[in-house]
Each structure stands twice: as structure tokens, then as C-alpha cells.
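Subject: Structure handover

Hello,

The structure is below, followed by notes on what was found in it.

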Amino acid sequence: MLPSAEMLANIKEASQTVISTRRPWRVFLDLFALTLPSSISEATTRLAHNVTYFLFNYALILLLIFLLTLFRHPLPLLIFFLLSATWYFLYFSRDDLPLAILPLAFLTVVALFVTAAWLNLLLALLIEAVVVFLHGVLRSTEDLVGDDQDSPYGHMLGDTPASGAYVPV
């Protein structure tokens, strides 16, 4: 059965939506923006802002690390690609009500355990946590241009009293 034009349009739209949230790699990897935070408070603020701002980039790095850990194991790698395609076509690319997530999630968990790829995923998650923590704390946020609502503190940065900003009395 050939995919319909509507399904292809849904896939294209979903792909464009995901790609539009990524940040340029030259901004992500800017070595001149790496500085030590002056306090724990600044470190936590940087971490929260950078995780929000660079979320898609971090997700791609996690995917790359996971694929690299599976590179020497062809069967789990093949199963991972098949599951990724299944998730994309049955869940992410559907505009109408997506299929139930529970059977697909169960199939994914079973595949992770049967192929022993869960150890690779755990290793990838641990490496990614270290990468996110180090980059998130060391990456300065002063040069990041974006909507203030992208910030975890965006509601406090508004100009109106209703948005949480201080008003002189």
C-alpha cells in the first residue's frame, strides 16, 4: 500500500516542526561562550535556560551516543531503526488522533530488554547527563537570542504587573 498524499504532508509538517526548534550548532558549540559561573545560583539558572534553549540539540546528541553504543551490535541497531520508523509513522506523523501509545511503548521496552540494548541506552543516558550538565552550566546565556518565554523564568521577565514583574509603589 502506497502512502497517501495526506500522510506524506503530515510527515513533512511534523519534520519541519521538529527541525524548526533546533538551534544552530555554531551557537551550541561556541567555545567563547564557555565560562565558569560565579555562583551556584547562576549555575542553576544557566542549566535551566540552556536545557530549555538547546533541548533538541541535546536530544540529537543522545541519539548519536545511543547509536554509537549500538554500532558494534547489528541486530539491536536494526531493531532500533525499525522501532524508530514505527514510532514515527504510527505516532508522530499523525495529525488525527494518534494510535494508543501503550502497545507501542510496551513493544519498545520488550525490544530493549530482548536485545539487551537497555544497557546501551542506560550508558547513553549517563553520558548524556554529564554532557548536558557540563554544557548547561558552562555555557553562558547572555548571547542567546530568543523569546523570553523560552526561558524557565520568562513569566517573571515581562513588562506588565500581571506577568510577574515588579512595579514601583
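Which backbone oxygen does the side chain of T115 reach? The side chain of T115 reaches that of A111, at 2.7 Å (a polar contact is a pair of N or O atoms within 3.5 Å, one able to donate a hydrogen and the other to accept it, and residues adjacent in sequence count only if both atoms are side-chain atoms).

This is a predicted model, in which local features need pLDDT of at least 70 and side-chain atom pairs count only at pLDDT 80 or more, while totals for chains, interfaces and linings use all residues. Residues are numbered from 1 along each chain as its sequence is written, and side-chain values use heavy atoms, without hydrogens and water.

T115 sits in the loop between α6 (101-114) and α7 (118-138); helices are DSSP runs of H or I, at least four residues, numbered from the N terminus. T115 counts as buried because its relative accessibility is 16% (buried means under 20% relative accessible area, with a 1.4 Å probe and protein chains only). Leaving out residues up to four places away in sequence, T115 touches P76 and I79 (contact means heavy atoms within 4.5 Å).

Helix α3 covers residues 40-53. Its buried residues are A43, R46, H49, N50 and Y53. Seen down the axis of α3, they fall within an arc of 140°, so they line one face of the helix; the arc is taken from the directions from the helix axis to the C-beta atoms. Among what covers these residues are α4 (55-70) and α7.

Regards

Methods. Helices (H or I, at least four residues) and strands (E, at least two) are DSSP runs, numbered from the N terminus. Buried means under 20% relative accessible area, exposed over 50%, partly exposed in between (1.4 Å probe, protein chains only). The expected span of a helix is 1.5 Å times one less than its number of residues.
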